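Subject: Structure for you to look over

Hello,

Here is the structure I said I would pass on. My notes on what turned up in it follow below.

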Amino acid sequence: MNLKLTNMKLSYILLFVFLISMSCSKEKQKHTNIILIMADDLGYGDIGCYGSKTAQTPVLDKLAAEGIRFVDYHSNGAVCSPTRAALMTGNYQQRAGIEGVIYAALDKRIYGISNSQNTIAEYFKRAGYTTGIFGKWHLGYQPEYNPVHHGFDEFYGYVSGNVDYISHRDGIGLLDWWHNADTCYDEGYVTDIITDKALQFMENNADKPFFLYLPHEAVHYPYQGRNDKADRLPGINFEALGSRPDKTHAYTEMVEIMDENIGRVMAKLDELGLDKNTMVLFCSDNGATKMGDNGELNGFKSSLWEGGHRVPAIAWYPSKIKAGTTSHATILSMDILPTLLNIAGISVQNNFDGKDFSDAMFSGEKLDERPLFWRYRNQWVVRQGDWKYLKINEEEYLFNLANDLGEQKNLLEQNREMVNHFKTLLTDWEKEMNQYKLQTD
Ligand SMILES: [Ca+2]
């Protein structure tokens, strides 16, 4: 009898221990961490899994092999600041007031992201996430535009469009290196030291939900490798692109150092045991310059030909994404915010311009077809399905991208009705966007 009672007690104790351990493991897995990595000026053909023959990018190639590679992903802008405004707000960049590059010239430093827009960091922070940005901001120089006033708990990096990789001086030679709202100086190569800080952030927040935004400088100029000397120093005239004569070699080196550092982030996820509940998303902010490789696409950074805005994007989340998937869904930078909020289980009331593409990513579902718009300087685009209407000054084009990715065959004359429809959509969209106070370059 006593033995039976002891056995029963033991069973209850074991059941109790089991239930406690179940609830603990549920507790540990309940949140999804997000790591959003963005390269700068990385072109459609600049990494191995998109066909690069020069740069070796084993880490990004592995992420694509274990995750999903998007072949119809586009930056909202053809240059840096507009894409970042759209990425941060989930809306067309015009709603945040940013249509052009925010330049380093002293008289241009008045511009920045509008306070009227909430950022992705603000949404994550409100939901209890710790938020960090390590790298390039490029959404305003003035103190009120600093990332710590736009939802980020921690900022380490620079606010301008590019800095010397070694001296951390901006396009007009001023030191542009920050920890939160204060300037600071740290020795080191930008790609390495923003990663160091990101790894520290991951360690500090290993037990809490975090949103980590890692906007790399690579492969934006100045073209400098890890062992190069600083070009931008006080009292010295310098070339914006850097002094190195073999710039194409430097470019390849920069891509490879970024890849290596993304490898350090992945190793840290593994080390901290966060590899099952962390999603990693990698993308670029616009197409490559002539220094880089846009594959078979026409045009370069700052143009609205495909080469200016169709860029690499890879998502990695092994518990949800089928390994080795290629997605043909048409996706823009502004779609990332609603998608990541959904994946993190954060619901907000806003009706964003961007659309959640998690079903396309997790189960290959087709996205609802929608018209998409680009405007930069004297160029306009309307994209719907496979069709792209492009206007540059008064020149008009219509391409079917399904069989003409290089935009060689103008089908405008044969499809006047479609073109007129697209032009009406564009007029309506411009009317909507022109309500905002717009910064242009
Ligand atoms: Ca860029």
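V219 lies in the loop between β8 (210-215) and α6. Please keep in mind that this is a predicted model. A cis peptide bond joins A218 to V219, with omega at about 5°. The loop between β8 and α6 also holds P222, and the peptide bond from Y221 to P222 is cis too, with omega near 0°.

Most residues other than glycine have a negative phi, and most peptide bonds are trans. H138 is not a glycine, yet its phi is positive, about 60°. H138 sits in the loop between β4 (130-136) and β5 (154-158) and is buried, with a relative accessible area of 2%. E407 also has a positive phi, near 55°, and is likewise a residue other than glycine. Its place is the loop between β16 and α10 (416-433), where E407 is buried at a relative accessible area of 3%.

Now the sheet. Four strands form an open sheet in the order β13-β14-β15-β16, and the pairing is antiparallel. The edges are β13 (372-376) and β16 (395-400); each has a single partner strand, so one side of each is left without a neighbour in the sheet. From one strand to the next the twist averages 10°.

Strands β13 and β14 run antiparallel and are joined by five bridges; F373 has V382 in β14 as its bridge partner. The hairpin of β13 and β14 has two residues between the strands, and R377 in this hairpin takes a positive phi near 50°.

How many residues of β14 are buried? Six of its six residues are, and the strand is mostly covered. Both faces are covered: Q379, V381 and R383 are buried on one side, and W380, V382 and Q384 are buried on the other.

On helix packing, α6 (residues 247-271) is the helix to look at, and its contact with α2 (residues 58-66) is one case: the two pack at an angle of about 55°, with their axes 7 Å apart. Helices α2 and α6 are therefore oblique to each other. The contact brings P58, V59, L60 and L63 in α2 together with M258, D259, I262, G263 and M266 in α6. Sorted by class, the contact of α2 with α6 has seven nonpolar, one polar and one charged residues.

Helix α5 (residues 190-204) is another partner of α6; the axes come within 10 Å and cross at roughly 10°. Helices α5 and α6 are therefore roughly parallel to each other. From α5, the residues in contact are T191, D192, T195, D196, L199, M202 and E203, and from α6 they are I257, M258, N261, R264, V265, K268, L269 and E271. This contact of α5 with α6 has six nonpolar, three polar and six charged residues.

Last, the cysteines. How many disulfides does a search of the whole structure find? It finds zero. The sulfur of C49 is 13 Å from the closest cysteine sulfur, in C283, which is too far for a bond, given that a disulfide needs the two sulfur atoms within 2.5 Å. C283 is in no disulfide either, as the nearest cysteine sulfur to it, that of C80, is 13 Å away. C49 is buried, with a relative accessible area of 19%, a value that counts as buried because the cut-off is under 20%. C283 is buried as well, with a relative accessible area of 0%.

Regards

Technical notes:
Residues are numbered from 1 along each chain as its sequence is written. This is a predicted model: local features need pLDDT of at least 70, side-chain atom pairs count only at pLDDT 80 or more; totals for chains, interfaces and linings use all residues. Side-chain values use heavy atoms; hydrogens and water are left out. Buried means under 20% relative accessible area, exposed over 50%, partly exposed in between (1.4 Å probe, protein chains only). Axes are lines fitted to C-alpha atoms, for helices over the stretch in contact, and angles run from 0 to 180 degrees between N-to-C directions. Angles under 35 degrees count as roughly parallel, over 145 as roughly antiparallel, 65 to 115 as roughly perpendicular and the rest as oblique. Contact means heavy atoms within 4.5 Å. Ala, Val, Leu, Ile, Met, Phe, Trp, Tyr, Cys and Pro count as nonpolar, Asp, Glu, Lys and Arg as charged, and the others, Gly among them, as polar. Two strands pair if DSSP finds at least two bridges between them.
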